[in-house]
Amino acid sequence: MLRFNAEGPDGLVDRKAPGQPSRLDDAHRATLAALIEKGPTPAIHGVVRGRIVDLCQWTFEELRVVVSEQTMSRELRKMGYRKLSARPRHHAQAEGAIADFKKVSQLVWRKSRATSASPPTK
């Protein structure tokens, strides 16, 4: 009744609940983006690639903010990051080595000659 009195008939329309505010502010997001762009250092961070679990732990250790994996994933998607992982590559792999071994299809398809069961007649 209060919303109707304040806003008229439009006040009766249900709205989306505001929910809990984000635990990460703009300064936290900027720091997190800088860390993601820099990437982990294996000797320091103990990991080869950044995972959401590692980012949650880093956020707690450095920023003292507890964030669940689901929330971290949602925040990263809002920031424009996606969960992508590159295929592992051997450090000594030559640049063109893979292209040499790939199968290539024939450029021109040819009809096979028709074969008959009976010998040709004269």
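How many nonpolar, polar and charged residues does the lining of the second largest pocket have by class? That lining has three nonpolar, four polar and four charged residues, where Ala, Val, Leu, Ile, Met, Phe, Trp, Tyr, Cys and Pro count as nonpolar, Asp, Glu, Lys and Arg as charged, and the others, Gly among them, as polar. The model is predicted, and local features need pLDDT of at least 70, side-chain atom pairs count only at pLDDT 80 or more, and totals for chains, interfaces and linings use all residues. Residues are numbered from 1 along each chain as its sequence is written, and side-chain values use heavy atoms, with hydrogens and water left out.

**Chain overview**

- The chain has six helices and zero strands, and its pattern along the sequence reads α-α-α-α-α-α; helices (H or I, at least four residues) and strands (E, at least two) are DSSP runs, numbered from the N terminus.
- Of the 122 residues in the chain, 18% are buried, with buried meaning under 20% relative accessible area, exposed over 50%, and partly exposed in between (1.4 Å probe, protein chains only).
- Among the contacts in the chain with a separation of 6 or more, 42% come from residues 24 or more positions apart, a contact being heavy atoms within 4.5 Å.

**Second largest pocket**

- The volume of the second largest pocket is about 200 Å³, a volume being the space filled by probe spheres set on the grid points, which are joined across faces, edges and corners.
- Its lining includes Gln-20, Pro-21, Ser-22 and Arg-23, together with Val-66, Val-67, Ser-68, Thr-71, Arg-74, Glu-75 and Lys-78.
- On a 1 Å grid over the protein atoms alone, a pocket is an open set of points with protein on both sides within 12 Å along at least five of seven lines, whereas a cavity is a set of points where a 1.4 Å probe fits but cannot get out; lining residues have an atom within 4 Å of a point.

**Helix α2**

- Ile-36 is found in helix α2 (residues 26-38) and is partly exposed, with a relative accessible area of 26%.
- Not counting residues up to four places away in sequence, Ile-36 touches Leu-55, Leu-76 and Tyr-81; Tyr-81 is 45 residues from Ile-36 in sequence, while the C-alpha to C-alpha distance between them is 9.2 Å.
- His-28, also found in helix α2, counts as buried because its relative accessibility is 17%, and beyond four places in sequence His-28 touches Arg-23, Leu-63 and Val-65.

- Asp-54 lies in helix α4 and counts as buried at 16% relative accessibility; its contacts, with residues up to four places away in sequence not counted, are Val-47 and Arg-49.
- Arg-64 sits in the loop between α4 (52-63) and α5 (69-78) and is exposed, with a relative accessible area of 59%.
- Most residues other than glycine have a negative phi; Arg-64, although not a glycine, has a positive phi of about 60 degrees.
- Arg-64 also lies over the face of Phe-60, at 5.2 Å from the ring centre, under the criterion that NZ of Lys or CZ of Arg is within 6 Å of the ring centre and within 35 degrees of the ring normal.

**Loop between α1 and α2**

- Leu-12 is placed in the loop between α1 (2-7) and α2 and counts as exposed because its relative accessibility is 54%.
- Leaving aside neighbours within four places in sequence, Leu-12 is in contact with Arg-3 and Phe-4, and Leu-12 and Leu-2, ten residues apart in sequence, are 9.5 Å apart in space, C-alpha to C-alpha.
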